[in-house]
Amino acid sequence: MTQEQVYELIKGALVEAIGVDEEEIGPEKTLLGDLGAESLDLLDVLFRISRKTGVKVTMDDITAMIQGEVPDEDFETADGLLSDKGLEQLKRSLPQIDVESLRGKFEADRVLTLFTVDNLTNLVVQSISVKAS
Amino acid sequence: MEIKIGIDLAFVAKIKKLAESSPEFLEEVFTETERSYCLGKKRCFEHLAARFAAKEAFFKAIGTGIGGGIGWKEIEVRNHFRTGRPYLNLAGKAEEMLASRQIVSVDLSLSHTEELAIAQVALLLE
């Protein structure tokens, strides 16, 4: 499947699962913030994607993609904010983010709220390609 | 001593919709014990929603959030055989975290109506 096909598929899953209008969805929209999805909605979206692509993407896959190889204790500061290492990782995993705007004030446990439709599309495309190889 | 709490609210209709549109939801999120307890009841989706809320409340109390490595089925709601009082039966990484975070007690409370289910988890740390 092409990137565009996966994006269209995800758009359809979002419309069905969350009930948002298609026009509201864009690659840059965050799932939990802009589109108002809750964790149950996200599960619904992932199940729908899995049925349509044959590839299973889980919540753990999403957080693993965001956090990379950085262990929990290095990803956040003692105050629960994103650490310098965490911010460096976000530059790689969520390249659309202006990490400087988060430095010293963004809680690590809110990182999932930065995850966009485009990030999900890339993750699904990557999972499809891993499965095919 | 320190107490950490987590609370969550789940819409019964959303749980019903997801269970019906994606049957794998029940298999992947709820243990066999939970499924057999809830699916035998007349208002099964209220009971499932309460259990889903309990899992989310635990994630919030322990601070990992969803996707933090703890599997849904590692947080299981059971009911005391005599009193019916719900409690959490933890396994895998969820159970490991109890020890690593010096949690000495886990308490759970549930309530539900036709529309909503609510769960609160309280963790007592040494």
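Colleague: What share of the 126 residues of chain B count as buried?

Modeller: In this predicted model, 37% of the 126 residues of chain B count as buried.

Colleague: And what is chain B built from, in helices and strands?

Modeller: Chain B holds 5 helices and 5 strands, and when the sequence is read along, these elements follow the pattern β-α-α-α-α-β-β-α-β-β. The radius of gyration of chain B is 14 Å, close to the 14 Å that the globule rule gives for 126 residues, so chain B is as compact as a globular protein of that length. Taken along the principal axes, the C-alpha atoms of chain B fill a box of roughly 40 × 30 × 25 Å.

Colleague: What part of the contacts in chain B comes from residues 24 or more positions apart?

Modeller: Counting contacts with a separation of 6 or more, residues 24 or more positions apart account for 60% of those in chain B.

Colleague: Which residues does UniProt mark as "binding site"?

Modeller: The UniProt record, which is an unreviewed entry, places that feature at B:Asp8 and B:Glu56. These positions span 49 residues in sequence, yet no two of their C-alpha atoms are more than 6.2 Å apart, so they gather at one spot.

Colleague: Start with B:Asp8, then: where does it sit, and is it buried or exposed?

Modeller: B:Asp8 is in strand 1 of chain B, which runs over residues 2–11, and B:Asp8 counts as buried because it has 22 C-beta neighbours inside 10 Å, where the threshold for that label is 20 or more. Leaving aside neighbours within four places in sequence, B:Asp8 is in contact with B:Ala53, B:Glu56, B:Ala57, B:Lys60 and B:Ala119.

Colleague: What about B:Glu56, which element holds it and what does it touch?

Modeller: B:Glu56 lies in helix 4 of chain B, residues 44–62, and with 24 C-beta neighbours inside 10 Å, B:Glu56 also counts as buried. Not counting residues up to four places away in sequence, B:Glu56 touches B:Asp8 and, in the other chain, A:Ser39.

Colleague: How many residues are in contact between the two chains?

Modeller: On the chain B side there are 13 residues, in contact with 11 residues of chain A. Helix 1 (12–21) and helix 2 (24–29) of chain B each supply at least two residues of the side that touches chain A, and by class that side of chain B has 4 nonpolar, 6 polar and 3 charged residues.

Colleague: Back inside chain B, at what angle do helix 3 and helix 4 cross?

Modeller: The axes of helix 3 (residues 32–39) and helix 4 of chain B cross at roughly 145 degrees and come within 8 Å. Helix 3 of chain B contributes B:Glu34, B:Tyr37, B:Cys38 and B:Leu39 to the contact, while helix 4 of chain B contributes B:Cys44, B:His47, B:Leu48 and B:Arg51. Those residues divide into 5 nonpolar, 1 polar and 2 charged.

Colleague: Switching to chain A, how many helices and strands does it have?

Modeller: Chain A has 6 helices and 0 strands. Its radius of gyration is 15 Å, close to the 14 Å that the globule rule gives for 133 residues, so chain A is as compact as a globular protein of that length. The C-alpha trace of chain A spans about 40 × 35 × 25 Å along its principal axes, and 30% of the 133 residues of chain A count as buried.

Colleague: Where is confidence lowest in chain A, and where is it highest?

Modeller: The mean pLDDT of chain A is 93, with 100% of its residues at 70 or more. Confidence in chain A is lowest in helix 4 (residues 72–75), at a mean of 88, and highest in helix 1 (residues 3–18), at 95.

Colleague: Where does UniProt put the "domain: Carrier" feature?

Modeller: The UniProt record, again an unreviewed entry, gives residues 4–82 of chain A. The end C-alpha atoms of that span lie 32 Å apart, and the span is 54% helix and 0% strand.

Methods: Residues numbered from 1 in each chain as written. Chains lettered and ligands numbered in written order. Predicted model: local features only at pLDDT ≥ 70, side-chain atom pairs only at ≥ 80, totals over all residues. pLDDT = per-residue confidence, 0-100. Helix = DSSP H or I, 4+ residues; strand = E, 2+ residues; numbered from the N terminus. Contact = placed C-beta atoms within 7 Å. Nonpolar A, V, L, I, M, F, W, Y, C, P; charged D, E, K, R; others polar. UniProt positions renumbered as here; feature names shortened; annotations may be inferred. Buried ≥ 20, exposed ≤ 12 C-beta atoms within 10 Å, placed from the backbone. Axes fitted to C-alpha atoms, helices over the stretch in contact; angles between N-to-C directions. Rg over C-alpha atoms; globule rule 2.2 N^0.38 Å.
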